[in-house]
Amino acid sequence: MSTVLVVDGANVVGSRPDGWWKDRAGAARRLHERLLVGDTPQDEVVLVLEGAAKGGVRAGRDGHVRTVPAKGVGDETIVAEARAASGRGSRVTVVTADRMLQARVQGVGALAVGPSWLLDLID
């Protein structure tokens with residue numbers, strides 16, 4: 001069984017007051033780089049980006065990380081990615097602190113964890 005990690009990029013970047021709001025694209029790029037070299041146990045990492053952050057990382061696959069630009073607010077894209085992966089039989093973990101989004105992804109069979117779980121792995 002494959003494992004998939006879906007990352008709410010905006011939520012993870014926004015979880016630390018490190019000046020990310022001054023350069024959202026740069027913050028997204030730094031998160032992407034950390035995901036590429038970080039020690040996550042999942043087979044695939046799906047990084048969902050929205051708004052200005054989309055300018056920091058090109059859409060598509062880079063190693064085990066696939067970057068997906070959201071058409072609007074990232075929540076719909078995150079749920080769709082979690083649903084699709086669960087439907088393929090993958091074990092899915094979604095990283096977000098958004099309680100409503102956590103409930104939605106749990107409804108499609110994913111485990112929801114907070115940003116600190118991921119940041120502890122990749123920092």
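What you're looking at is a predicted model, where local features need pLDDT of at least 70, side-chain atom pairs count only at pLDDT 80 or more, and totals for chains, interfaces and linings use all residues. Residues are numbered from 1 along each chain as its sequence is written, and side-chain values use heavy atoms, with hydrogens and water left out.

Let's start with the whole chain. The protein chain has 5 helices and 6 strands (DSSP runs numbered from the N terminus: H or I of at least four residues for helices, E of at least two for strands). From the N terminus on, the order is β-α-α-β-β-β-α-β-α-β-α. Of its 123 residues, 47% count as buried (under 20% relative accessible area with a 1.4 Å probe, protein chains only; exposed is over 50%, partly exposed in between).

Now zoom in on strand β4, residues 65-69. Because 4 of its 5 residues are buried, β4 is largely enclosed by the rest of the structure. Strand β2 (residues 44-49) pairs with β4 in the parallel sense over 5 bridges (pairing takes at least two DSSP bridges between two strands), and Leu 47 has Thr 67 of β4 as its bridge partner. In the hairpin of β3 and β4, with 2 residues between the strands, Gly 63 takes a positive phi near 65 degrees.

Finally, look at Glu 81 in helix α3 (residues 74-87). Glu 81 is buried, at 16% relative accessible area. Leaving aside residues up to four places away in sequence, Glu 81 touches Val 6, Val 46, Arg 66 and Val 68 (contact means heavy atoms within 4.5 Å).
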